[in-house]
Amino acid sequence: FNSLNRQVAMLNIQRLCPPISTSLINCYRSPTDLFVGNEVLASKEGTTQGDPLAMPMYALATIPLIKSLEEEGTLQAWYADDAAAAGKICSLRCWWDKLSSSGPLFGYHPKATKSWLVTKQEFLLDASDAFANTGVNITTDGRPYLGAAIGTKEFVSSYVQSKVKEWTSSINQLS
C-alpha cells in the first residue's frame, strides 16, 4: 500500500472505474504532508493509512498487474497486497518472473525471502531447480496463508489444533 505508484494508479482507475476516479484524484493528486518530529515529509506514493478509499484504490490500481500475470496453467488469488498462485512448477516460475519484473512498475515489490512455494515431495527437486537463485523458500510440509493452512494433512491438522488451543486459552481467560 505504501509504495503504490500513484500516477499509474490514477490512470488505471480512470479507465477501469471512472465513478471513483474523481474522488481519488482529488484526494491523491498532490502530496500529503506528514509531520515526523520537527520534519515535514511529502507523501507522494501509496495510499493514506485510515483512508476509507485506500483499499478500493489499491484493488483497482492492481487489476492491470493481475491481468498481465495471467499465465496458462496458473491460477492466481489476491487479497489486498498478498499474491498467490497455484499450478505446475514451470508455470509458477514464469508467473514469479513476471511478477518480479512487472510488479515494481505498479509499486508492487515482491520479496522472495517472504515468499513460499508449497510443493509435494515428489516435485521438490524440480521446484528447487526451477527456483534456484530466486530466494523463494520451498517446503513440502505447508505454510499458513491468510489465517488458514496450505499443505499436507498433517501440517493443516497441526495448524488447526494450535489455533483451537489459542482460541480455547483466550476463551478460558475471558470467562
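This report describes a predicted model, taking its core, surface, strands and salt bridges in turn.

## Basis of the model

The model is predicted, so local features need pLDDT of at least 70 and side-chain atom pairs count only at pLDDT 80 or more, while totals for chains, interfaces and linings use all residues. Residues are numbered from 1 along each chain as its sequence is written, and side-chain values use heavy atoms, with hydrogens and water left out.

Helices (H or I, at least four residues) and strands (E, at least two) are DSSP runs numbered from the N terminus. Buried means under 20% relative accessible area, exposed means over 50%, and partly exposed lies in between (1.4 Å probe, protein chains only). Contact, or touching, means heavy atoms within 4.5 Å.

## The nonpolar core

A nonpolar core is a set of buried Ala, Val, Leu, Ile, Met, Phe, Trp, Tyr and Cys residues joined through side-chain atoms within 4.5 Å. The largest one here has 27 residues, and those with the most contacts inside it are Ile 13, Leu 24, Met 57, Leu 65, Trp 96, Leu 99 and Phe 131. Two or more residues of this core come from each of helix 1 (6-16), helix 2 (18-28), helix 3 (54-68) and helix 4 (89-106).

Leaving aside neighbours within four places in sequence, Met 57 is in contact with Leu 4, Arg 6, Ala 9, Met 10, Ile 13, Leu 24, Tyr 28 and Thr 47. Leu 60 is placed in helix 3. With a relative accessible area of 16%, Leu 60 is buried. Not counting residues up to four places away in sequence, Leu 60 touches Ile 13, Leu 16, Cys 17 and Ile 20. The C-alpha atoms of Leu 60 and Val 164 are separated by 36 Å, and these two residues are 104 residues apart along the chain.

Leu 41 counts as partly exposed at 39% relative accessibility, whereas Ser 43 counts as buried at 14%.

## Loops and a hairpin

Thr 119 lies in the loop between strand 5 (116-118) and helix 5 (124-130). Its relative accessible area is 10%, so Thr 119 is buried. Apart from neighbours within four places in sequence, Thr 119 is in contact with Ile 89, Leu 124, Ala 127, Ile 138, Thr 139 and Thr 140.

Strand 7 (residues 142-145) and strand 8 (residues 148-151) pair in the antiparallel sense over 4 bridges; two strands pair if DSSP finds at least two bridges between them. Tyr 145 stands opposite Ala 148 in strand 8. The two strands form a hairpin with 2 residues between them, and Leu 146 in the turn has a positive phi of about 50°. Most residues other than glycine have a negative phi. Leu 146 is partly exposed at 46% relative accessibility. Asn 133 also has a positive phi, near 65°, and is found in the loop between helix 5 and strand 6 (137-139). At 84% relative accessibility, Asn 133 counts as exposed.

## Salt bridges

A salt bridge is a side-chain nitrogen of Lys or Arg within 4 Å of a carboxyl oxygen of Asp or Glu. A search of the whole structure finds 2.

One joins Asp 97 and Arg 93, with the closest N and O atoms 2.9 Å apart. These residues are 4 residues apart in helix 4, so about one helical turn separates them. Asp 97 is partly exposed at 35%, and Arg 93 is partly exposed at 24%.

Glu 166 forms a salt bridge with Lys 163, the closest N and O atoms being 4.0 Å apart. Because they are 3 residues apart in helix 6 (residues 153-174), Glu 166 and Lys 163 are separated by about one helical turn. Glu 166 counts as partly exposed at 44% relative accessibility, and Lys 163 is partly exposed with a relative accessible area of 24%.
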